[in-house]
Amino acid sequence: MNSQMPERRQGPSLVRGDLVPKSTYDQRLLDRKGPTGWLHEDPWRVLRIQSEFVEGFSVLAELPTAVTVFGSARVPPDSPDYELGVRLGSALAEAGFAVITGGGPGLMEAANKGAMEAGGISVGLGIELPHEQRLNDYINLGVEFRYFFVRKTMFTKYACGFIALPGGFGTLDELFESLTLVQTHKVTSFPVILMGSDFWGPLLDWVRGTLAETGKISPRDVDLLSVTDDPDEAVRIVVEAARRNGDR
Ligand SMILES: CC(C)=CCNc1ncnc2c1ncn2[C@@H]1O[C@H](COP(=O)(O)O)[C@@H](O)[C@H]1O
């Protein structure tokens, strides 16, 4: 063998001759002049998604049993629905539940406000949006996510029930995702509660009428939803389900 041949050990491998690269792994790692296109490629995204799960699980794993509250981002503080959200957040906190919301304004803020004012744990799981936005002021534990689907896992994993206040597409998306998880037994003994009977009434009529009557859902599926205007009643439903599930 030619002892003049250049040789390099690279971790577990050995390269000689023309295969010896001009730089080392460390040099390339520390080189700030390299291209950055890989930041936007899928293998790197997968790592970023993984890190988001790791961060979310780490921050939330030691929460007490929580209830996730969904609701409109657009409701102003002087509206009756905001007031309902505050009362709901307080009632949940007084019953010992952490309250998880999407961390935004409107009814998310209302539920966080109620929870915080009642001395509870008020959690905001924020999402990066195209327009500037920060977590609301009534959160004592906040996590910001890049990916909607990672955040949605956190809404479910740490909660023992979902409560939907009035809302638009975002709330409906979260409500129906929750219902599908319950319907398909991906989560068990999980109450899904609608608060605001006037607001949700027409949707429920359509669920009972059109969906059930045309066989798109089973008649029993209608019972997966509870409706109330009373925060204490919502808490009672969650507590009973949590007891059945052995959560508390
Ligand atoms: C004023 C405005 C559009 C702010 C958007 N800011 C938001 N911040 C955090 N979560 C959000 C936001 N918009 C929608 N969501 C998610 O979707 C639901 C509300 O959507 P919507 O307003 O009902 O359809 C919330 O439960 C929340 O999880």
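In the class counts used here, Ala, Val, Leu, Ile, Met, Phe, Trp, Tyr, Cys and Pro are nonpolar, Asp, Glu, Lys and Arg are charged, and the others, Gly among them, are polar. On that basis, the shell around the ligand holds 11 polar, 7 nonpolar and 2 charged residues. The model is predicted.

**Ligand surroundings**

- The ligand is surrounded by 20 residues, of which G102, G104, G167, G168 and G170 are the closest.
- At least two residues of the shell come from each of β5 (122-127) and α6 (169-183).
- With 4 residues, α6 makes the greatest contribution to the shell.

**Overall form**

- The protein's secondary structure consists of 8 helices and 9 strands.
- Its radius of gyration is 25 Å, whereas the globule rule gives 18 Å for 248 residues, so the protein is more spread out than a compact globule.
- Along the principal axes, the C-alpha atoms of the protein fill a box of roughly 85 × 45 × 35 Å.

**Packing of α3 and α8**

- Helix α3 (residues 80-94) packs with helix α8 (residues 231-244) at an angle of about 40°, and their axes are 9 Å apart.
- Because of this angle, α3 counts as oblique to α8.
- The two helices, α3 and α8, cross in a right-handed sense.
- On the α3 side, the contact is made by R87, L88, A91 and L92, and on the α8 side by P231, D232, A234 and V235.
- The contact of α3 with α8 comprises 6 nonpolar and 2 charged residues, with no polar ones.

Key: Residues numbered from 1 in each chain as written. Predicted model: local features only at pLDDT ≥ 70, side-chain atom pairs only at ≥ 80, totals over all residues. Near = placed C-beta within 6 Å. Axes fitted to C-alpha atoms, helices over the stretch in contact; angles between N-to-C directions. Parallel < 35°, antiparallel > 145°, perpendicular 65-115°, else oblique. Left-handed = near helix turned anticlockwise from the far one by under 90°. Contact = placed C-beta atoms within 7 Å. Rg over C-alpha atoms; globule rule 2.2 N^0.38 Å.
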